[in-house]
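Subject: Structure handover

Hi,

Here is the structure we talked about. Please open it alongside this note; my findings follow below.

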Amino acid sequence: MKKVLIVDDEPHLRLLYETDLRRAGFETMTAANAEQGLEYVDTMHPDLIVLDIRMAGMDGVEALQRILDRDNTIPVILNTAYSSYRENFMTWAADAYVTKSSNTSELVETVRELLNEEMVQN
Amino acid sequence: MSSLQPFRKTLTIILAGGQGERLYPLTKDRSKPAVPFGGVYRIIDFTLSNCINSGLKRIYAFTQYKSFSLDKHLQRGWNIFSYEAGEFLYRIPPQHRIGMKWYEGTAHAVYHNIYLLEHNKPEQVFVLSGDHIYKMDYGAMLASHLAHDLPLTLGAAVVPREGAHHFGILEVDENWRVIGFAEKPARPRTVPGDPDHCLVNMGVYLFDTVSLVREVCHDARRTETSHDFGRDIIPPMVAKNQVCAYPFRDTKSEEPAYWRDIGTLDNYYQASMDLVSRRPQIDLYDRDWPIRAWRAPAPPAKSVHGVTEDGSMPGEMTDSIIGGGTIVSGAKVERSILGSFVKINSYGRVSESILMDGVQVGRRAELNRVIIDKNVIIPEGMVIGHDPDEDRAHFQVTEGGVIVIPKEMNLHE
């Protein structure tokens, strides 16, 4: 089963994403901040990361770069309520952007696409 | 829109971290762009002078290996920018902003510094090499780039077929769109109608910023890549028909202009000797396109009669470049480049050689086809460059037969 790491500082969103991604057939793990997320990247080796951008402490933009520096093959979905981040050059190495919503269908579909793509490549 | 507007929206990156292993021992204590050249210059002075002369005054120099010598040179010689007016020259070493890696290639250096592009939001970015000898108006290239409206314009030089395999070989259509690109092929394709020459990628790039960021980000996610512009970024862009070539020509004659990539010691030696020919292809005395350099305060060069117990001999210099503070005393110098504060003593003979700052040549010493790095003292009577076997026994000798003596080497023991 593919492992998805959710990095978000909002507990209710972590719970929502975790619930819906599990229902879609993925194993999940959650981190409440970027630092913890990076630790899990090193220790838990997730297959995909859903990454919030605006977080207290290290933000998702810097976390993205640090994740890819550790392993540039992990798919990363940036998940934010602010569309202006798409214009930020420092986010352009991400695999996808998904706007935050209580309806997780787009997020689940994007996770599925990226992991299926990975499986085809492998 | 002001005609200067495109310059204001253009940022320049100079890749100045080259290790220059094939230039060793000249790169023993310095990176390739910091290697002295032409008596008073460092190699990077040519690219920087081109920037200033072209109106590009927002420059980041990416440094990496052995950067102190280059840092010192840029600080002393290029502190000419008006920061209040928005001009700058900043040196950017690997800052380990996103990890502990060094720059793993030219594209990787740009990827690591995307925050600079995000901060400046330029419309175009020049990516230049700090180790080429040439005089080029980047403004004309920018105008060509804007007219062609493709994501990337690259400088294209015509070079002899021999040696062209060291470069990326270009194939272009009648509108200079690049339709074929082969990085360092064993058998380079020649220019149509001219079997003796090839069209090559100079490593002078002008990107639309959006394309540059997209490509280096894409490259950063690949597993099979050397993160190099020539090998990994340009070929896929050519395949997508996104690249235009800008032919590098002499603006007056329209003939291919002088351009040398200082890759090896023999390249370095030959480019240096080009300067002392009677009519050099690259004119250092052109007041319309000055090549700037940092120079230590020095008295004028001088030639004097040398007087010894055997009589006197004039100090003669022909077809040579002589730096400030250098004295040729009763010695003969032909087809050579002497840096600053060099001293050639009586009955010394120096031919077809490059002597960097502070070299002292003892009486009756003879030097032929030698590169001598800074502050070496050649003992009285020593002969170098006339007996290949003897030379190889004591010194590094290049494939082309040029002897190289490292900085501050002690020849008395």
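At what angle do the axes of helix α2 of chain B and helix α3 of chain B cross? Roughly 35°, and the axes come within 12 Å. One caveat before going on: this is a predicted model.

Chain B helix pair. Here α2 covers residues 44-54 and α3 covers residues 68-77. The crossing of α2(B) and α3(B) is right-handed. From α2(B), the residues in contact are B:I44, B:D45 and B:L48. They meet B:L70, B:H73 and B:L74 of α3(B). By class, that contact has 4 nonpolar, 1 polar and 1 charged residues.

Chain A helix pair. Helix α2 (residues 34-44) of chain A packs against helix α3 (residues 60-70) of chain A at about 10°, with the axes 10 Å apart. That angle makes α2(A) roughly parallel to α3(A). This crossing is right-handed. On the α2(A) side, A:A34, A:L38, A:V41 and A:D42 make the contact. On the α3(A) side, A:A63, A:R66, A:I67 and A:R70 do. The class count is 5 nonpolar, no polar and 3 charged residues.

Interface of chains A and B. In chain A, 17 residues are in contact with 20 residues of chain B. The buried area between the two chains is about 1600 Å². Carbon and sulfur atoms give 55% of that area. The rule finds 1 salt bridge across this interface. B:R221 forms a salt bridge with A:D95. Their closest N and O atoms are 2.8 Å apart.

Best regards

Technical notes
Residues are numbered from 1 along each chain as its sequence is written. Chains are lettered from A and ligands numbered from 1 in the order in which they are written. This is a predicted model: local features need pLDDT of at least 70, side-chain atom pairs count only at pLDDT 80 or more; totals for chains, interfaces and linings use all residues. Side-chain values use heavy atoms; hydrogens and water are left out. Axes are lines fitted to C-alpha atoms, for helices over the stretch in contact, and angles run from 0 to 180 degrees between N-to-C directions. Helices (H or I, at least four residues) and strands (E, at least two) are DSSP runs, numbered from the N terminus. Angles under 35 degrees count as roughly parallel, over 145 as roughly antiparallel, 65 to 115 as roughly perpendicular and the rest as oblique. A crossing is left-handed if the near helix is turned anticlockwise from the far one by less than a right angle, and right-handed if clockwise. Contact means heavy atoms within 4.5 Å. Ala, Val, Leu, Ile, Met, Phe, Trp, Tyr, Cys and Pro count as nonpolar, Asp, Glu, Lys and Arg as charged, and the others, Gly among them, as polar. Buried area is the accessible area (1.4 Å probe) that two parts lose on being put together, summed over both. A salt bridge is a side-chain nitrogen of Lys or Arg within 4 Å of a carboxyl oxygen of Asp or Glu.
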